[in-house]
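Subject: Structure for you to look at

Hello,

Here is the structure I said I would pass on. Please open it alongside this message; my notes follow below.

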Amino acid sequence: MVAGAIGMLRRKLHFGRTYLPAWVLMVGAMTVLAVAGQAVGPVLSGSVQGSAGAVVSQALIVKPGSSGNTVTGADDYVITTNDEGTSFTVAMETKVGKSQKVYLVLENKSGKPANGIVEINAPAGIEVDVDEVGSSDVTALAQLSRNTYLFTMGAYAVANDLPDLAIEIEAKDDASPGYYSITARIIQVAN
């Protein structure tokens, strides 16, 4: 029987114009089976490892592109928000003693009441004051420091383009007339 197996391995197999010894095909077949077994083994034993990235974003934001984000009392203005909706910039022209109101539409995507802080960075000579708008989803508002305000917003407050916060901006007597840029950010805080 051993002589028959050795004789079989000495045979040559014909593939078109080429001839290959049978032992070459046998070694190739065994190599493929061995490698296939190596790949299947870890899969069947449950030892496959990997990683996936996760991004956690803030649920309390300024609604980007909302028609409710406006400024009243300014000749020229523009409001921009970052991609995440967590900060905004208002650029406007103002004069001494003149006040403007910036209206902002907020969203709460968490499905639960959320607390947030509005932190405003205004240049010297510009005074700011934040109030909730009567028809807003903001249920409470309190001043923490000169330009920082804490507020609570109801659940699922995303359905409309009605303003939620009004930021009053006034140029004081020591402010130079001209264009001003006010930046602010919304920070969500734990309940």
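Which residues line the largest cavity? The lining consists of Phe88, Val90, Val102, Ile120, Ile167, Ile169 and Ile182. Please keep in mind that this is a predicted model.

The cavity

The count comes to 1 cavity of 30 Å³ or more. The volume of the largest cavity is about 40 Å³. Its lining divides into 7 nonpolar residues, with no polar and no charged ones. Two strands, S6 (87-94) and S13 (165-171), each supply at least two residues of that lining. Both strands come up again below, in the notes on the sheets.

The six-stranded sheet

An open sheet is formed by 6 strands in the order S5-S6-S14-S9-S12-S11, with antiparallel pairing. Its edge strands are S5 (77-81) and S11 (138-145), each of which pairs on one side only. From one strand to the next, the twist averages 20 degrees.

At the S5 end, S5 and S6 run antiparallel and are joined by 5 bridges.

S9 is joined to strand S12 (residues 148-153) by 6 bridges, and the two run antiparallel. Within that pair, Ile117 has Leu150 of S12 as its bridge partner. S9 also pairs with strand S14 (residues 178-189), again in the antiparallel sense, over 7 bridges. Here Asn121 stands opposite Thr183 in S14.

Is Asp83 buried or exposed? Asp83 is exposed, with a relative accessible area of 76%; the cut-off for that label is over 50%. Asp83 sits in the loop between S5 and S6. Its C-alpha lies 7.8 Å from the C-alpha of Pro64, and the two residues are 19 apart in sequence.

The four-stranded sheet

A further open sheet has 4 strands in the order S4-S7-S13-S10, and its pairing is antiparallel. Strand S4 (70-72) and S10 stand at the edges with a single partner strand each, so one side of each is left without a neighbour in the sheet. Neighbouring strands of this sheet are turned by 20 degrees against each other on average, direction ignored.

Why can S13 be called largely enclosed by the rest of the structure? The reason is that 5 of the 7 residues of S13 are buried, and a residue counts as buried when its relative accessible area is under 20%.

S13 has a partner on either side in the strand order. With strand S7 (residues 99-104), S13 runs antiparallel, and 6 bridges join the two. In this pair Gln100 stands opposite Ile169, and Lys101 has Glu168 as its bridge partner. With strand S10 (residues 126-132), S13 pairs in the antiparallel sense over 7 bridges. One of the positions in that pair is Ile126, whose bridge partner in S13 is Ala171.

Regards

Technical notes. Residues numbered from 1 in each chain as written. Predicted model: local features only at pLDDT ≥ 70, side-chain atom pairs only at ≥ 80, totals over all residues. Heavy atoms only, no water. 1 Å grid on protein atoms, 1.4 Å probe; cavity = no way out; pocket = protein on both sides within 12 Å on 5 of 7 lines; lining within 4 Å. Points joined across faces, edges and corners; volume = space filled by probe spheres on them. Nonpolar A, V, L, I, M, F, W, Y, C, P; charged D, E, K, R; others polar. Pairing = 2+ DSSP bridges. Axes fitted to C-alpha atoms, helices over the stretch in contact; angles between N-to-C directions. Buried < 20%, exposed > 50% of the residue type's maximum accessible area, 1.4 Å probe, protein only.
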